[in-house]
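Please work through the following exercises with the sequence and the coordinates side by side. Each task is followed by a solution that goes step by step.

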Amino acid sequence: MEDQNHQIRARHTPATVTVYQAYAPHIGLPAARDGRFPSAWKRDRMTWIKPSFLWMMYRCGWGLKEGQETVLAVEITHEGFAWALRNACLSHYVRGLHPDQAAWKRQLHRSPTRVQWDPERDLQLRPLPYRSLQLGLAGEAARRYADEWTVSITDVTPLAREVHALVRAGDLEAAAARLPEERPYPAADDLLSHLRVPRPAHPAADGV
């Protein structure tokens, strides 16, 4: 059975995979209008992309947090997504996966992308018992993301507001029906083998 802690779930088509970000309106609105990130978007800074809509809602507070009022759905190419995964390093040291902390630090320093597996969220933004991928892009990866991989950018802030209103009204069934369909992403084993946190030999000792 596949380990859900290292399963990518995303909205995807034969050509693209959708990731989410949230920005202040002066960046988010021009990006959605023009289909590309504006000059105010800094290509030399780390940027995090998230295939999970609900994890993005947790991060940006349904688009209500200051500086995250515009929620974007960004379609990127499968080739770009695969490049990011293949060149990624886990954002934290894991015994059994990295030879030692020094080796992990060297890998992190030279990797243009990094990965975190954070608890997935439900409609009420409570943590679920399995993980969701967060992908950080820096340097070459951030530039490729903005200038090569991005196929379309859509403002999904109205959807975030609609789902949030249904959740607040207690209509979780209707809220769930409005969520983007996120299916297991067919990532080849070589894209994730270096990003999977080994599970302990004895479940009772599992502190991950």
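Predicted model: local features only at pLDDT ≥ 70, side-chain atom pairs only at ≥ 80, totals over all residues.

**Exercise 1.** Describe the protein chain as a whole by its secondary structure, burial, contacts and surface.

*Solution.* Begin with the elements: the protein chain has 8 helices and 9 strands. Next consider burial, where 48% of the 208 residues count as buried. Then turn to the contacts with a separation of 6 or more, of which 75% are accounted for by residues 24 or more positions apart. Finally, the accessible surface comes to about 10,800 Å², and 51% of it belongs to carbon and sulfur atoms.

**Exercise 2.** Determine the strand order of the open sheet formed by 4 strands, and state which strands stand at its edges.

*Solution.* The order is β3-β7-β6-β5, with mixed pairing. Because β3 (47-49) and β5 (88-90) each have a single partner strand, they stand at the edges, and one side of each is left without a neighbour in the sheet. Neighbouring strands of this sheet are turned against each other by 40 degrees on average, direction ignored.

**Exercise 3.** Locate helices α3 and α5 relative to the strands.

*Solution.* Helix α3 (residues 78-86) lies across β5, β6 and β7 (127-137), and it runs at about 95 degrees to β7. Helix α5 (residues 140-149) also packs on the sheet, touching β3, β6 and β7, while its direction makes about 85 degrees with that of β7.

**Exercise 4.** Identify the members of the largest nonpolar core that touch the most other members, and follow the contacts of Leu137.

*Solution.* The largest nonpolar core has 35 residues, and those touching the most other members are Phe37, Ile76, Phe81, Leu85, Leu137 and Tyr145. Apart from this core lies another, of 18 residues, among them Tyr20, Val71, Ala73 and Leu125. If residues up to four places away in sequence are not counted, the contacts of Leu137 include Met46, Ile49, Ala84, Pro112, Tyr145 and Trp149.

**Exercise 5.** Is Thr77 buried or exposed, and with which residues is Thr77 in contact beyond its sequence neighbours?

*Solution.* Thr77 lies in strand β4 (residues 70-77). Its relative accessible area is 19%, and since buried means under 20%, Thr77 is buried. Leaving aside neighbours within four places in sequence, Thr77 is in contact with Ala15, Val17, Trp149 and Val151. Thr77 and Tyr145, 68 residues apart in sequence, are 9.3 Å apart in space from C-alpha to C-alpha.

Technical notes: Residues numbered from 1 in each chain as written. Heavy atoms only, no water. Helix = DSSP H or I, 4+ residues; strand = E, 2+ residues; numbered from the N terminus. Buried < 20%, exposed > 50% of the residue type's maximum accessible area, 1.4 Å probe, protein only. Contact = heavy atoms within 4.5 Å. Areas by Shrake-Rupley, 256 points an atom, 1.4 Å probe, with all protein chains shown as cover. Core = buried A, V, L, I, M, F, W, Y, C linked by side-chain atoms within 4.5 Å. Pairing = 2+ DSSP bridges. Axes fitted to C-alpha atoms, helices over the stretch in contact; angles between N-to-C directions.
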